[in-house]
Amino acid sequence: MAIFTGLLLRPAVVTAQGMIEDTTPRKQALTTWGVQFEEFEYRYSDADEELGVWNGDLFYGTDEFKARWLTTGEYAINEQAYETLENQFVAQTPISRFFDAKAGIRIDTPEGPDRTYTVLGIAGLAPQWFEIDGSLYISDEGDASAAIDAEYELLLTNYWILAATLDSTVAFSEDRAIGIGSGLVSTETGLRVSYDLIDRAVSPYVGVVHEREYGNTADLTEAAGGDPEDWLGVVGLRMVF
C-alpha cells in the first residue's frame with residue numbers, strides 16, 4: 001500500500017519542484033516604464049506673478065529595482081527665467097512592504113550658482129494612506145539639507161478627487177550664494193481638486209497653493225527685494241503615460 005501511495009504522490013512532487021525551479025522568462029520580474037506629471041500647471045500669485053510649474057517622474061525597471069528621473073521647476077513667465085530647476089537621477093529598491101529606499105544625485109540650475117547634491121531617501125505609503133517622500137541632500141559645497149513631501153488624496157466621487165500636499169525643507173547649514181539660511185527653509189502647502197477624464201491618466205485640476213520661507217532664508221529673500229510669503233491660484237493637468 002505504501003509503495004502504491006508513493007507512486008501516486010511522486011508525479012505531484014516532481015511537478016511542484018519543477019514549478020519552483022522554473023526560470024523561464026514568464027517567471028522573471030516584469031520590466032515596466034512610464035512617465036507621469038503630478039503637477040503641470042499655471043500659477044498666478046496675489047502679487048501678479050505668473051509661473052509655469054511642473055513635477056515629473058520618468059521611471060524604468062522592475063518592482064525590485066527602478067531607475068528614476070525626477071524633474072521639478074518653476075518658470076517665471078514675465079521675466080522669462082527659471083526661478084528653480086531641479087533634476088534628480090536615482091535608483092530605488094524596496095526595503096519593506098510599503099517603502100522603498102533611493103539613492104543618486106540631484107542637479108540644481110537656478111538663478112545664481114549651480115549645485116550638485118548626493119541624494120539618500122525613502123518613499124512610500126505611510127499609515128492612513130499618506131504618500132511620503134523624504135530625502136537627505138549633501139551638496140558639492142559640503143552643505144546638508146533635508147526635504148519631506150507628503151500627499152493625501154480624498155476620493156469625493158469616482159471621478160472627483162481632492163489632493164492635499166505639504167512640501168517642507170530644512171537646511172542644516174547656510175548657503176548664502178543661493179539664498180538658503182540654516183534652519184527651517186520653506187514650506188509649500190496646496191489643495192487641488194481634480195476630475196478624471198481618462199481613467200486617472202488625464203486629470204485636469206484647479207487649486208490654491210501657499211508658499212512661505214522662514215528665518216534666515218526669509219531674511220535673505222527680503223534683502224534681495226523678494227517676498228517670503230505668497231498665495232497662488234493654480235490651474236493644471238495631471239498626466240500618466
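The protein chain has two helices and 12 strands. This is a predicted model, in which local features need pLDDT of at least 70, side-chain atom pairs count only at pLDDT 80 or more, and totals for chains, interfaces and linings use all residues. Residues are numbered from 1 along each chain as its sequence is written, and side-chain values use heavy atoms, leaving out hydrogens and water.

Biologist: What makes a stretch a helix or a strand here?

Modeller: Both are DSSP runs, numbered from the N terminus: helices are H or I with at least four residues, strands are E with at least two.

Biologist: How do you know that β10 and β11 pair?

Modeller: Two strands pair if DSSP finds at least two bridges between them. Nine bridges join β10 (residues 183-195) to β11 (residues 202-213), so these antiparallel strands are a pair. E188 has E211 in β11 as its bridge partner.

Biologist: What lies between β10 and β11?

Modeller: Six residues do, and the two strands form a hairpin. In the turn, D199 has a positive phi of about 50°.

Biologist: How many bridges join β11 to β12?

Modeller: There are 11, and the strands run antiparallel. G207 stands opposite V234 in β12.

Biologist: Why is D227 called exposed?

Modeller: Exposed means over 50% relative accessible area, buried under 20%, and partly exposed in between (1.4 Å probe, protein chains only). D227 has 54% relative accessibility, so D227 counts as exposed. D227 sits in the loop between α2 (215-223) and β12 (229-240).

Biologist: How much of the protein chain is buried?

Modeller: Buried residues make up 34% of its 241 residues.
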